Amino acid sequence: MVSKDDFLYPRGRYYGQVKPENLVFNSNLQEFAQRVSYICNLETGGKLPPEEAYEQIKDLWKQLKRTKKQLKIGENPFQDDQDNQDQPPES
């Protein structure tokens, strides 16, 4: 049976490189997208003024950028290639 939280806050499966920081960032990214969707729907429905919607999305974006920086996502893109050279290919 599907729970209320699964319905309201769906989560997509992660297919990228499995590292703790990538999983955390993916979770944050999905939450960002969900919240932006809610804000857009409230603004479209006239429940939230456009300026307030913009400010809320801007704040969410700043939070996402901050977590990306804290997790060091994309700062050393070639590190994984060097790490994998020492390991045999997966069978």
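## Burial and overall make-up

Of the 91 residues in the protein chain, 16% count as buried. The model is a predicted one.

The protein chain contains 4 helices and 0 strands. Its pattern along the sequence is therefore written α-α-α-α. Among contacts between residues at least 6 apart in sequence, 55% join residues at least 24 apart.

## The nonpolar core

The largest nonpolar core has 9 residues in all: Phe25, Phe32, Val36, Ile39, Leu48, Ala53, Leu60, Leu64 and Ile73. Two elements, α2 (20-44) and α3 (50-71), each give two or more residues to this core. The largest share, 4 residues, comes from α2.

Leu60 is one of the members of this core. When residues up to four places away in sequence are not counted, Leu60 touches Phe32, Arg35, Val36 and Ile39.

Helix α3 has 22 residues, and the span from its first C-alpha to its last is 32 Å. This is close to the 32 Å expected at 1.5 Å a residue.

The buried residues of α3 are Ala53, Leu60, Leu64 and Thr67. They lie on the same side of α3 because they cover an arc of only 60° around the axis. What covers these buried residues includes α2. The face of α3 turned away from the buried side carries the exposed residues Glu51, Tyr54, Lys65, Lys69 and Gln70.

A pair of aromatic rings is described by the distance of the centres and the angle of the planes. In this model the count comes to 1 aromatic pair. The ring centres of Phe32 and Trp61 are 5.8 Å apart and their planes stand at 55°, so the pair is tilted. Planes over 60 degrees apart would count as edge-to-face, and planes under 30 degrees apart as stacked.

Phe32 lies in helix α2 and Trp61 in helix α3, so the pair ties together parts that are 29 residues apart in sequence. The two partners can also be described by their accessibility. Phe32 has a relative accessibility of 16% and therefore counts as buried. Trp61, with a relative accessible area of 45%, is partly exposed.

## Gln30 in helix α2

Gln30 is placed in helix α2. The relative accessible area of Gln30 is 19%, so this residue is buried; the cut-off for burial is under 20%. Leaving out residues up to four places away in sequence, Gln30 touches Pro10, Arg11 and Gly12.

Most residues other than glycine have a negative phi. Lys72 is not a glycine, yet it has a positive phi of about 60°. This residue comes just after α3, in the loop between α3 and α4 (79-85). Lys72 is exposed, because its relative accessible area is 57% and the cut-off for exposure is over 50%.

Terms used. Residues are numbered from 1 along each chain as its sequence is written. This is a predicted model: local features need pLDDT of at least 70, side-chain atom pairs count only at pLDDT 80 or more; totals for chains, interfaces and linings use all residues. Side-chain values use heavy atoms; hydrogens and water are left out. A nonpolar core is a set of buried Ala, Val, Leu, Ile, Met, Phe, Trp, Tyr and Cys residues joined through side-chain atoms within 4.5 Å. Buried means under 20% relative accessible area, exposed over 50%, partly exposed in between (1.4 Å probe, protein chains only). Contact means heavy atoms within 4.5 Å. The expected span of a helix is 1.5 Å times one less than its number of residues. The arc is that of the directions from the helix axis to the C-beta atoms. Rings of Phe, Tyr and Trp (its six-membered ring) pair if their centres lie within 6.5 Å; planes under 30 degrees apart count as stacked, over 60 as edge-to-face and the rest as tilted.
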